[in-house]
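Subject: Structure handover and notes

Hello,

I am passing the structure below to you, with notes on what was found in it. Please read the notes with the structure open.

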Amino acid sequence: MRTGISILGIFVADTAYLAPRMPALGETIAGSGFSVGPGGKGSNQAVAAARAGADVSFISKIGRDTFGDLALKTYEQAGVTAKLIVMDDKPTGAAFIYVNDRTGDNAIIVYAGAAGTIGIEDVEGARETIEQSAVFITQLEQPVPAAHRALDIARKAGVTTIFNPAPAGAFPAEIYRLCDYIIPNETEAAALVGFPIETLDDAKRAADVFLAQGVGAAVITLGARGVLFHNAGQSAQVPAVSCGAVIDTTGAGDAFVGGFAAALARGAPPLDAVRFGCATAGIAVTRRGTAPAMPSLAEIEAVMAG
């Protein structure tokens, strides 16, 4: 019986800068804090799912450098099985993250580095890992052809597929038909469907567009308004979970995806998995950083019970 999760994505070292606002072009302002830590959407999701109790394999590429060492240490600490190719001629990826020191809002620039070279042949090399998992997740930070092939492999093997189309960008329409679940945030969903998402009805309209393209269920994260779960037979808004003052929203979406996938892999019904994901994200945003903010299974269960 399949129980684990496989994830194709990238690792980057997050260099986070705290300041009251973004500087204008040509302007220098004083910051209020700085940190370096593990990041990358796929990597964050792997850590979140593992911390939430799942057996997780992470498929990617890193460089043979200090940031690559940080990746390996991160997976060892979180209990993630690293399925990594280590490159000598490409650096490990890195990200610039601005965090508003008053609101926790963020803006991010990502350079994929070695993971930007992930190709179809690399995915084929990880075929067995994908096929043996219960749930497969990918995003759009690595090259699209690699994500497409991995989703195809997972679908043909009967693995539950999750596609997190982030950052929002162009991809073949065929990918929609390979998705049991598509999980964009409201900004990403708006970019994909071509109209703004300002209300719950807008989110439902967007979800219907995804379903018409062949997606099994749309799970649209709406920030403080929670999450819309929408499939052919059910539409429900699941409220966000508040666990204290919001400090940093950088990894909120990744925390949700990881928690949601961990619950699905354990056999939870989809709506229960959404609630579990909301609790995971609700805890994560009360902490600074991305991977270090991901809560443990015990912490999530305590929130769910309380």
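First, the ground rules. This is a predicted model, in which local features need pLDDT of at least 70 and side-chain atom pairs count only at pLDDT 80 or more, while totals for chains, interfaces and linings use all residues. Residues are numbered from 1 along each chain as its sequence is written, and side-chain values use heavy atoms, with hydrogens and water left out.

Helix packing

Helices and strands are DSSP runs numbered from the N terminus (helices H or I, at least four residues; strands E, at least two). Axes are lines fitted to C-alpha atoms, for helices over the stretch in contact, and angles run from 0 to 180 degrees between N-to-C directions. Angles under 35 degrees count as roughly parallel, over 145 as roughly antiparallel, 65 to 115 as roughly perpendicular, and the rest as oblique. A crossing is left-handed if the near helix is turned anticlockwise from the far one by less than a right angle, and right-handed if clockwise.

Helix α1 (residues 41–51) packs with helix α2 (residues 66–78) at about 20°, the axes being 9 Å apart. That makes α1 roughly parallel to α2, and their crossing is left-handed.

Between helix α6 (residues 186–193) and helix α7 (residues 200–212) the packing angle is about 55°, with the axes 10 Å apart. The two are therefore oblique to each other. The crossing of α6 and α7 is left-handed.

For α9 and helix α10 (residues 297–305), the axes come within 9 Å and cross at roughly 110°. The pair α9 and α10 is therefore roughly perpendicular, and the crossing is right-handed.

Salt bridges

A search of the whole structure finds eleven salt bridges, a salt bridge being a side-chain nitrogen of Lys or Arg within 4 Å of a carboxyl oxygen of Asp or Glu. For the exposure of the residues involved, buried means under 20% relative accessible area, exposed over 50%, and partly exposed in between (1.4 Å probe, protein chains only).

One of the bridges joins the side chains of Glu124 and Arg149, at 2.5 Å from N to O. Glu124 belongs to helix α3 (residues 120–125) and Arg149 to helix α5 (residues 144–156), so the pair ties together parts that are 25 residues apart in sequence. Glu124 is partly exposed, at 30% relative accessibility, and Arg149 is partly exposed, with a relative accessible area of 30%.

Another bridge is made by the side chains of Arg127 and Glu131 (3.1 Å, N to O). These residues are four apart in helix α4 (residues 127–131), so about one helical turn separates them. Arg127 is partly exposed at 31%, and Glu131 is partly exposed at 28%. Glu124, Arg127, Glu131 and Arg149 are linked in a network of salt bridges.

Arg275 also forms a salt bridge with Asp272, with the closest N and O atoms 2.9 Å apart. Both residues lie in helix α9 (residues 270–284), three residues apart, about one turn of the helix. The relative accessible area is 38% for Arg275, which is partly exposed, and 36% for Asp272, which is partly exposed.

Surface patch

Patches are made of residues with over 30% relative accessible area and no salt bridge; like charges are joined within 9 Å and nonpolar side chains (Val, Leu, Ile, Met, Phe, Trp, Tyr) within 5 Å. Accessible areas come from the Shrake-Rupley method with a 1.4 Å probe, and for residues only the protein chains shown count as cover.

Tyr17, Met22, Phe34, Val36, Phe96 and Ile109 make a nonpolar surface patch of about 570 Å². Of these, Val36 lies in strand β3 (residues 33–39) and is partly exposed, with a relative accessible area of 45%.

Single sites

Most peptide bonds are trans. The bond from Ala166 to Pro167 is cis, with omega near -5°, and Pro167 sits in the loop between β9 (160–163) and β10 (181–182).

Gly223 is in the loop between β11 (217–221) and β12 (227–231) and is exposed, with a relative accessible area of 54%. In contrast, Ala147, in helix α5, is buried, with a relative accessible area of 0%.

Regards
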